[in-house]
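This report covers selected packing features of one protein chain. Please keep the sequence and the structure at hand while reading.

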Amino acid sequence: MNISYDHYRIFYNVAKYKSFTRAAEVMYANQPNLTRAIKSLEAQLGCTLFERTGKGVRLTDDARELYEHVSVAFEHIQAGEESLSAKHSMENGIVSVGVTEIALRCYLLPILKRYHELYPGVRIKIVNVSTPQALKMTDNRLIDMAVVTTPAESNSKLLSTKLCELREVAVCSMEFDVPDGITLSELADNPIISLGAGSATYDFYIEEFLKYGINFSPDIEAATADQILPLVKHGLGVGFVPEKFLENERDVRIIELSEPIPPREIVLIRKKGHSLHLPASELLNLIKAATDPQ
């Protein structure tokens, strides 16, 4: 049966509002045209769909059965239209970013604040993940982009762009007896607090300690970067944190090492050949502007 989509659309609205007048208003259509369309649909289906009442129309049993199927189809169509519209709108769109905790605090937060000020209608979805997880999610297009800390072993399908350097220092509590000027080997004699296996930070310090022939084996593995400083403050060991984490901190002491910790990087990860929708593209522009103000 080759019935016009427009006829079903008219039926859906008349049935939804139980009124030809209201349906015509919603569809910006002429009421007599809607009436003719419904009569044509009834003729094609071989049944009566509506009975007129003093307040509008009443659905027949056949119409109620048809509406159960048609309404599902139209609601799916509307959801699809809204989803596509959100991707191309700065009024009610959504952007998703995979980000490590360190990258969020040390780089991305002020950019997100500016983005929200410019586009308050866009929803920002922050996915707090490790660097390896963020790379995988970007590759599988589960997020629009990722901002993470190195090491970030991307593949040929991903594009990595340096955003800034990340400098970290060794810290301990004010009462912890660790002298300045010690080597990494000497530091390793103390309890070490670090992010756990599977994080870029853990992988970085494994490699860094190996340069000096030292086995990196943390005594305490924190679930998040924010947990390291409280553990350090309570004298549980020595931790490595970004310098930015120490702003306004007075309960910890930086340990001056004879071999400074090499800087890491915060990088932007994108899927090659994948065009970003408008809300994500605007965020990318803000990130680029922050990275290269000139």
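## Strand pairing around S10

Two strands count as paired if DSSP finds at least two bridges between them. The model is a predicted one, and its strand S7 (residues 168-173) is joined to S10 by 4 bridges, the two strands running antiparallel. In this pairing Val-171 stands opposite Gly-239 of S10. Strand S8 (residues 192-195) is joined to S10 by 2 bridges, and here the strands run parallel. Ile-192 is placed opposite Val-238 of S10.

S10 belongs to an open sheet of 5 strands, in the order S9-S8-S10-S7-S11, and the pairing is mixed. The edges are formed by strand S9 (220-222) and strand S11 (252-255); each has a single partner strand, so one side of each is left without a neighbour in the sheet. From one strand to the next, the twist averages 40°.

Helix H8 (residues 200-210) packs on this sheet, where it touches S7, S8, S9 and S10. The direction of H8 makes about 135° with that of S8.

## Helix H1 against H2

Two packed helices are described by the angle between their axes and the distance between the axes. For helix H1 (residues 5-17) and helix H2 (residues 20-27), the axes come within 8 Å and cross at roughly 125°. H1 is therefore oblique to H2. The crossing in which H1 passes H2 is right-handed.

On the H1 side the contact is made by Arg-9, Ile-10, Asn-13, Val-14 and Tyr-17, which meet Phe-20, Arg-22, Ala-23, Val-26 and Met-27 of H2. By class, these residues divide into 7 nonpolar, 1 polar and 2 charged.

## Helix H1 against H3

H1 also packs with helix H3 (residues 31-45); their axes come within 9 Å and cross at roughly 110°. Angles of 65 to 115 degrees count as roughly perpendicular, and H1 and H3 are therefore roughly perpendicular to each other.

Which residues make this contact? From H1 they are His-7, Tyr-8, Ile-10, Phe-11 and Val-14, and from H3 they are Leu-34, Ala-37, Ile-38, Ser-40, Leu-41, Gln-44 and Leu-45. The contact of H1 with H3 has 9 nonpolar and 3 polar residues, with no charged residues. Ile-10 and Val-14 of H1 take part in the contact with H2 and also in the contact with H3.

## Tyr-115 in helix H5

Is Tyr-115 buried or exposed? This residue lies in helix H5 (residues 101-118), and because its relative accessibility is 0%, Tyr-115 counts as buried.

Apart from neighbours within four places in sequence, Tyr-115 is in contact with Met-90, Val-95, Val-122, Ile-124, Pro-279, Ala-280, Glu-282, Leu-283 and Leu-286.

Key:
Residues are numbered from 1 along each chain as its sequence is written. This is a predicted model: local features need pLDDT of at least 70, side-chain atom pairs count only at pLDDT 80 or more; totals for chains, interfaces and linings use all residues. Side-chain values use heavy atoms; hydrogens and water are left out. Axes are lines fitted to C-alpha atoms, for helices over the stretch in contact, and angles run from 0 to 180 degrees between N-to-C directions. Angles under 35 degrees count as roughly parallel, over 145 as roughly antiparallel, 65 to 115 as roughly perpendicular and the rest as oblique. A crossing is left-handed if the near helix is turned anticlockwise from the far one by less than a right angle, and right-handed if clockwise. Contact means heavy atoms within 4.5 Å. Ala, Val, Leu, Ile, Met, Phe, Trp, Tyr, Cys and Pro count as nonpolar, Asp, Glu, Lys and Arg as charged, and the others, Gly among them, as polar. Buried means under 20% relative accessible area, exposed over 50%, partly exposed in between (1.4 Å probe, protein chains only).
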